[in-house]
Amino acid sequence: ARTIGSKSTYLVDSIIATMCLACAVIYSGILGDVFTPLLESAGVPAHLNGRTSNILLLTIGALLPMSLIKNLSALAFTSILGFMAIMYTVFFILWRSLDGTYTLNIGKFVQDGAVALPSFAKSSLWNVDFTSLVLASNLGLAYIAHYNGPAFYRELKNTSSKRFGAMVGVSFTILTLLYIVTMVAGYKTFGDTCAGNILLNYHPSDILSTIGRIATGFSILFGFPLVATGAREGIAGFFDGLGYPSVKAEKNHVLLVASILTFVTAISCTVKDVSLVVGLTGAALGSLIVFIIPAIIYVKAVGLVKGVDSQEHGESKKNLALVPFGLAVGGLGVYMTIKESLGNKP
């Protein structure tokens, strides 16, 4: 509020709320993509095993109760389980990229035509072109955890700026390594035929992928309350900035969370391709939150603390170069994501 003005804070809250809602749609859609084939493999009849019905059941039975939890520290145990599930999924994707079971023509899982055959027609070692902006858009979403930053800081044990900085540094280092390993291993296995949800590429009878789907399903399930909390606080902040503080009142907590999940579930049941949502969200909103807004707030904050005539404030203005960069990356990312989703060649 001190840097961008108290009357405009609702703009930042609206962007964060929209991004968190989009993330929740992605999470919800992945849950449907993951559990539907698992239940099919378990012998559940098709008329009882639809993607939409599964999303609805998971929302009512699991996502809603967990999203009603206000204190994120209460989710510490499930977060650990989710992290362990992610580690297994990364391991099996890496293992399958090395064991040859999906190698074109000779791999045992590509013989019956049940999965899309690997293709590497577009592959190159260092080529960077406009299609790379699709990856940049996805990364813009992958590295966003800003919306829960205040909550993490408040609930960190023996919290301090130093401890919080160390926690963020370690977390993002681990995250970067996991992303690199998963992307390289997934592309090495399937190449250009990689689906928006890489787990959909693996053979139904591949036991490691089946366990991986289960693990991923639970990691998404346990992670959903984090984005739901971000959406809830963003929406409450948005209305508070417009002069409606009652939205975040205790009596409206259940109604607000239920409304968020209703909106999210309706979209996730309608949109089948989560990669489109990931790309558009990362390009449009990720650029704002990662490049543009932090640069503007930082420069304003330095001016307030050090003075607008100080040397520090002058040097901080170099960060404003991120604003046109973010606009360019975001605009081109949106364009290329839509173009790729329509199946056009770049």
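Reader: Where does N105 lie?

Author: N105 is in the loop between α3 and α4 (132–142); helices are DSSP runs of H or I with at least four residues, strands are E runs of at least two, and both are numbered from the N terminus. This is a predicted model, where local features need pLDDT of at least 70, side-chain atom pairs count only at pLDDT 80 or more, and totals for chains, interfaces and linings use all residues. Residues are numbered from 1 along each chain as its sequence is written, and side-chain values use heavy atoms, with hydrogens and water left out.

Reader: Switching to the inside. How many residues has the largest nonpolar core?

Author: It has 54 residues, and M19 and I260 have the most contacts inside it. A nonpolar core here is a set of buried Ala, Val, Leu, Ile, Met, Phe, Trp, Tyr and Cys residues joined through side-chain atoms within 4.5 Å.

Reader: Which helix gives the largest share of this core?

Author: α1, with 16 residues.

Reader: What is I260 in contact with?

Author: Leaving aside neighbours within four places in sequence, I260 is in contact with L21, A231, R232 and I235. Contact means heavy atoms within 4.5 Å.

Reader: OK, and F224, which helix is that in?

Author: F224 lies in α7 (residues 207–241). F224 is buried, with a relative accessible area of 2%. Beyond neighbours within four places in sequence, its contacts include A24, Y27, L63 and L261.

Reader: Now the aromatics. How many aromatic pairs turn up in the whole structure?

Author: A search finds 14. Rings of Phe, Tyr and Trp (its six-membered ring) pair if their centres lie within 6.5 Å; planes under 30 degrees apart are stacked, over 60 edge-to-face, and the rest tilted. One of the pairs is F35 with F218, edge-to-face at 6.1 Å centre to centre and 90 degrees between the planes. That pair links distant parts of the chain, with F35 in helix α1 and F218 in helix α7, 183 residues apart.

Reader: How exposed is F218?

Author: F218 is partly exposed, with a relative accessible area of 36%, whereas F35 is buried at 15%.

Reader: Which residues do ring pairs link into a cluster?

Author: Y88, F92, Y102, F109, F190 and Y202.

Reader: Last one. What does L276 touch?

Author: L276 touches T337 and S341, not counting residues up to four places away in sequence. L276 is in helix α9 and is partly exposed, with a relative accessible area of 27%.

Key: Buried means under 20% relative accessible area, exposed over 50%, partly exposed in between (1.4 Å probe, protein chains only).
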